[in-house]
Amino acid sequence: FFFRCCCSARLLRCLVLTRNLKFLFDSALNSCQLDALLEDGAPEDIVATHFGIDIIRQDLHTLTGLNWLNDNVVTCFFLLVGKRSAENPSLPKTWCHNTHFYEKYCRVGYQGVRRWTKKVKEGIFALEQLIVPVHLHTHWACGMINFKDKRIEYYDSMNLDPAAFFKDMRNYLQSESQEKLKQPFDFEGWRNFTSPSCPQQGNGSDCGVFACKFADFLSRGKTPEFSQNDMPYFRRRVMWEVASGALMS
């Protein structure tokens with residue numbers, strides 16, 4: 001198996017780095033390609049384009065070591081999550097915003113984002129869940145409006161205060177309902193939710209990877225269950241997914 005891949009030394013290094021045997025099987029066929037993407041060319045070279053986003057080599061480098069993920073990587077991953085949900089009817093009906101949505105809502109208010117859901121064919125109120133990447137200056141988190149269970153949910157790998165997000169999303173729902181349905185939003189039975197078992201990071205670098213994986217798990221109707229030990233594997237996996245434009249099963 002190693003000889004067929006022609007990269008046994010690299011795979012061994014990856015195995016030692018992650019201490020996660022699953023990484024070996026998921027990445028054996030693409031480890032060499034990933035190394036080539038990172039090494040063969042200038043940092044500003046475009047290596048892929050998805051959803052109108054040019055992914056340059058430097059973007060992929062944010063997924064190496066303990067680098068902080070940037071907007072291009074996080075937006076592309078969240079949109080890939082939404083695309084998978086749209087193409088797979090067995091998954092919860094999910095829409096994912098990009099990383100600029102919440103920042104612009106906080107800065108400008110509803111009028112700055114009122115047209116951002118025009119591509120949702122039946123409107124957001126026909127969804128089961130709306131996932132929102134949250135960028136707080138130097139920190140990433142993941143929020144979700146869970147229409148099915150009537151919850152506004154917040155997943156933060158540093159367990160920061162979610163009060164502002166909860167308030168903002170309630171105001172957003174009210175404005176979106178008035179704009180699109182011409183009626184107030186019915187908050188009867190709705191509640192705010194944070195998971196007591198939300199995975200927590202063990203350093204100051206991996207919040208972007210945690211946020212991406214929160215979206216991945218939630219979009220599949222799964223409770224996020226992973227740990228800091230999974231981050232080297234997830235970084236490598238997300239790199240492959242962003243470069244190829246498809247999420248691995």
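Strand 1 (residues 46–50) and strand 2 (residues 53–56) run antiparallel and are joined by four bridges; strands are DSSP runs of E of at least two residues and helices runs of H or I of at least four, numbered from the N terminus, and two strands pair if DSSP finds at least two bridges between them. The model is predicted, with local features needing pLDDT of at least 70 and side-chain atom pairs pLDDT 80 or more, while totals for chains, interfaces and linings use all residues. Residues are numbered from 1 along each chain as its sequence is written, and side-chain values use heavy atoms, without hydrogens and water. His50 has Ile53 in strand 2 as its bridge partner. Two residues lie between the strands of this hairpin, where Phe51 takes a positive phi near 55°.

Helix 6 (residues 71–87) and helix 9 (residues 207–219) have axes that come within 10 Å and cross at roughly 5°. Axes are lines fitted to C-alpha atoms, for helices over the stretch in contact, with angles from 0 to 180 degrees between N-to-C directions. The two helices are therefore roughly parallel to each other (angles under 35 degrees). Val74, Phe77, Phe78, Val81, Arg84 and Ser85 of helix 6 meet Ala211, Cys212, Ala215, Asp216 and Ser219 of helix 9, contact meaning heavy atoms within 4.5 Å. This contact has seven nonpolar, two polar and two charged residues (nonpolar: Ala, Val, Leu, Ile, Met, Phe, Trp, Tyr, Cys and Pro; charged: Asp, Glu, Lys and Arg; polar: the others, Gly among them).

Helix 6 also gives five residues to the lining of the largest pocket, the largest share (a pocket is an open set of points on a 1 Å grid over the protein atoms alone, where a 1.4 Å probe fits, with protein on both sides within 12 Å along at least five of seven lines; lining residues have an atom within 4 Å of a point).

How values were computed: Angles under 35 degrees count as roughly parallel, over 145 as roughly antiparallel, 65 to 115 as roughly perpendicular and the rest as oblique.
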